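Follow the chain in the viewer while reading. The text starts from a single residue and then widens to the whole fold.

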Amino acid sequence: MSLTPSSDRPGLHISKPSPNAPAEASAVCRCGASATAKGDAQVGALVAGWNSNHGSAHGK
């Protein structure tokens, strides 16, 4: 089973295979927005944006 989000299975997926490897993330929202990021800082920004504007934020 793939953990990568899709339009059929929206969500946020983050991976960091080792402490020295850059983090990677992908996100797909129910509203149709999608994003990818590579690198710890960029992944942090993607997560912050997801938490503020997508995911559970749409339920408010």
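**From a cysteine to the fold**

C29 is buried, with a relative accessible area of 5%; buried means under 20% relative accessible area, exposed over 50%, and partly exposed in between, with a 1.4 Å probe and protein chains only. C31, at 46% relative accessibility, counts as partly exposed. The model is predicted, so local features need pLDDT of at least 70 and side-chain atom pairs count only at pLDDT 80 or more, while totals for chains, interfaces and linings use all residues. Residues are numbered from 1 along each chain as its sequence is written, and side-chain values use heavy atoms, with hydrogens and water left out.

How many disulfides does the structure hold? The structure holds 0, where a disulfide is a pair of cysteine sulfur atoms within 2.5 Å. C29 is in no disulfide, and the nearest cysteine sulfur, that of C31, is 3.7 Å away. C31 is likewise in no disulfide, its nearest cysteine sulfur being that of C29.

The protein contains 1 helix and 3 strands. Helices (H or I, at least four residues) and strands (E, at least two) are DSSP runs, numbered from the N terminus. Read from the N terminus on, the elements run β-β-β-α. The radius of gyration of the protein is 12 Å, close to the 10 Å that the globule rule gives for 60 residues, so the protein is as compact as a globular protein of that length. That radius is taken over C-alpha atoms, and the globule rule is 2.2 Å times the number of residues to the power 0.38. Along its principal axes the C-alpha trace spans about 35 × 25 × 15 Å.

The strands form an open sheet of 3 strands in the order 1-2-3, with antiparallel pairing; two strands pair if DSSP finds at least two bridges between them. Strand 1 (11–15) and strand 3 (34–38) are the edge strands, each pairing on one side only. From one strand to the next, the twist averages 5 degrees. Strand 1 and strand 2 run antiparallel and are joined by 5 bridges. Within this pairing, G11 stands opposite V28 in strand 2. Helix 1 (residues 40–53) packs on the sheet and touches strand 1, strand 2 and strand 3; its direction makes about 155 degrees with that of strand 3. Axes are lines fitted to C-alpha atoms, for helices over the stretch in contact, and angles run from 0 to 180 degrees between N-to-C directions.

S26 lies in strand 2 (residues 24–28) and is buried, with a relative accessible area of 15%. Not counting residues up to four places away in sequence, S26 touches T4, P5, G11, L12, H13, A35 and T36, contact meaning heavy atoms within 4.5 Å. E24 also lies in strand 2, but at 37% relative accessibility E24 counts as partly exposed. Leaving aside neighbours within four places in sequence, E24 is in contact with H13, I14, S15, A37, K38 and V43. E24 and T36 are 12 residues apart in sequence and 7.6 Å apart in space, C-alpha to C-alpha.

Some totals complete the picture. Buried residues make up 27% of the 60 residues. Among contacts between residues at least 6 apart in sequence, 18% join residues at least 24 apart. The protein exposes about 4000 Å², of which carbon and sulfur atoms supply 53%; accessible areas come from the Shrake-Rupley method with a 1.4 Å probe, and for residues only the protein chains shown count as cover.
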